Amino acid sequence: MFLVTAEEMREIDRKTIEEIGIPSIVLMENAGSQVAREMMQFIFKPAKIVILSGHGNNGGDGFVTARHLGNHGYDVQTWLIGSPEKFTPETTIHFNALIQSGYKVNIFSQDNELELKESLIKADIIVDALLGTGATGGLREPYKSIIQFVNQTNATKVAIDIPTGVNSNTGEVVELALIADYTITFALPKIGQYLYPGTEYIGKLKVVDISIPSIVIKEVDPRISLLSQNDLRTRLPIRKRNSHKGTYGHAFIIGGSKNMPGAITLATMAALRTGAGLTTSAVPASIQPMVFSRVPEAICIAMDEDSTGHFALNSIEALRLEEKNYTAIGIGPGIGQWELGLEWFKKLLLSINLPMIIDADGLNLLSKEIGLLDQRKSETILTPHPGEMARLIKRDVAYVEKNRIKVAKEFASQYGVYLLLKGAHSLIATPNGDLYLNPTGGPELAKGGSGDVLTGMITGFVAQKLPILDAVMLAVYLHGIAGNLASKPSNYSTIATDVIDKIGFAMSTLSNHVDALPTHFPGN
Ligand SMILES: NC(=O)C1=CN([C@@H]2O[C@H](COP(=O)(O)OP(=O)(O)OC[C@H]3O[C@@H](n4cnc5c(N)ncnc54)[C@H](O)[C@@H]3O)[C@@H](O)[C@H]2O)[C@@H](O)CC1
Ligand SMILES: [K+]
């Protein structure tokens with residue numbers, strides 16, 4: 001499913017109106033009637049409903065909702081917070097239709113402020129139709145004070161399209177926004193509903209159809225997609241009965257240092273769990289017995305190390321990478337940073353001509369000489385968290401957090417890499433500028449070791465020769481599902497090995513793993 005910006009949604013609306021020929025008042029009628037229909041699923045008849053409408057089209061949706069709920073016998077009080085002179089043509093029509101249908105609209109002014117507040121206190125349900133995708137900047141008065149008041153009431157809050165105060169493109173909230181229990185949005189989810197902090201204001205999100213044809217959505221071709229179970233189901237290859245370990249590639253993960261043997265252990269385990277036929281890890285010699293004893297299913301190569309327990313410079317020749325039959329290489333979990341680290345990393349990077357996943361201190365080493373990326377001849381996948389991303393682009397973390405989409409997209413396009421910008425709702429950016437947002441995962445993954453598991457999963461999938469984008473999408477999505485499964489009974493206590501244990505269960509939500517046996521009928 002696509003996520004859209006306000007501009008893309010406006011273009012979709014415009015094309016539907018002008019090219020398909022569905023009048024805008026019909027779209028508004030559909031929008032308001034769908035909101036009413038959704039609301040009727042969870043409200044009970046004696047409920048007191050207060051609808052707050054602005055003078056833009058979002059307010060128009062509020063008037064239509066009021067009419068439909070009224071027609072179904074609900075107790076609805078409608079307030080216009082704005083001026084009729086600023087109504088859009090569609091809003092004028094639906095305001096008049098509401099009045100002509102025998103319903104009253106209170107027009108807010110300083111004189112009746114107390115009356116509005118009394119209504120809001122008594123309300124069971126408050127519907128926010130003040131601002132939608134047309135909102136810009138921080139809330140102006142009187143919306144600011146009203147939203148502040150609404151947030152303090154006990155009523156169930158329903159936002160039409162997007163809660164007032166949440167920027168539909170960036171998820172930004174300047175100072176304050178309506179904290180909704182439900183958001184009913186039209187045609188497609190808006191990007192700001194999935195970006196922080198906006199996503200925390202949305203409550204339960206419901207997307208409803210307002211007669212937007214899919215041909216129009218295809219033509220507008222929104223740039224961001226939301227990863228979904230349905231889309232990913234077909235990307236997980238069926239495990240053939242007639243196969244052997246060589247069928248599923250050879251993942252190679254380079255990492256570890258004297259003080260960090262755990263990260264590479266986790267990454268190696270995770271690669272195995274995603275189905276790579278063979279998995280090899282290469283680690284500094286002193287930790288090899290430790291890693292090997294935890295993951296007996298992997299091949300574990302001991303490499304020369306320096307006096308500080310990091311990889312020695314000459315260790316790369318020992319790998320004779322060109323002779324090996326690896327199908328994907330992961331670099332970074334637990335390698336640490338050391339004096340000759342950059343030199344070692346450079347040598348390694350330039351001697352490998354295979355799809356490569358770079359994570360953790362691999363990214364920190366890379367950030368010292370970002371131009372190295374230009375010398376890569378095969379695909380590169382970078383998996384920074386916001387702190388590592390900030391180092392890669394030499395900005396601060398706040399900048400990265402505020403501009404996640406822009407940062408991910410620009411970096412991936414500029415350096416021709418696949419970039420996975422981690423964090424709540426991780427983003428994948430491809431070299432050609434496409435973006436994917438992952439909705440899975442929760443606070444149980446906010447713990448040391450989670451990133452190493454993800455690196456192992458990506459390496460495991462790439463090793464199986466999946467298209468790079470499919471591998472990254474599957475890994476990030478399933479990592480979140482596995483985290484969720486491992487968060488029982490408490491997301492405080494989840495650790496990375498719990499997540500690894502759940503990878504198989506997560507994969508089973510997408511596939512049966514094996515192709516079906518032919519059916520033999522007796523006597524045939
Ligand atoms: N044909 C269409 O385009 C459709 C639009 N629909 C609705 O229309 C909405 C978009 O409508 P509009 O573009 O008219 O915009 P909105 O209704 O979201 O808001 C525009 C109005 O809000 C004011 N405003 C903007 N920022 C403000 C701020 N920070 N503080 C206070 N006031 C502010 C502006 O002066 C303007 O009058 C959608 O969210 C959706 O609810 C639906 O009716 C479906 C069809
Ligand atoms: K709204």
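Reader: Which ligand 1 atom does a polar side-chain atom of aspartate 13 lie 2.9 Å from?

Author: An oxygen atom of ligand 1, in a polar contact, meaning a pair of N or O atoms within 3.5 Å. This is a predicted model in which local features need pLDDT of at least 70 and side-chain atom pairs count only at pLDDT 80 or more, while totals for chains, interfaces and linings use all residues. Side-chain values use heavy atoms, with hydrogens and water left out, residues are numbered from 1 along each chain as its sequence is written, and ligands are numbered from 1 in the order in which they are written.

Reader: And how far is histidine 55's polar side-chain atom from a ligand 1 oxygen?

Author: That distance is 3.0 Å for histidine 55, and for a polar side-chain atom of aspartate 61 it is 2.5 Å, again to an oxygen atom of ligand 1.

Reader: How much of ligand 1 does the protein cover?

Author: The protein covers 83% of the 880 Å² of accessible area that ligand 1 has on its own, by the Shrake-Rupley method with a 1.4 Å probe.

Reader: What about the shell's make-up: how many nonpolar, polar and charged?

Author: The shell around ligand 1 has nine nonpolar, ten polar and four charged residues, with Gly counted among the polar ones.

Reader: Switching to the potassium ion, which protein donors does it have?

Author: Asn58 (OD1), Asp128 (O), Leu131 (O), Ile160 (O) and Ile162 (O) are its protein donors, at 2.6 to 3.0 Å; donors are N, O and S atoms within 2.8 Å of the metal, or 3.2 Å for Na, K and Ca, and sites may look incomplete because water is not among the atoms.

Definitions and conventions
Polar contact = N/O pair within 3.5 Å; in protein donor to acceptor, adjacent residues only side chain to side chain.
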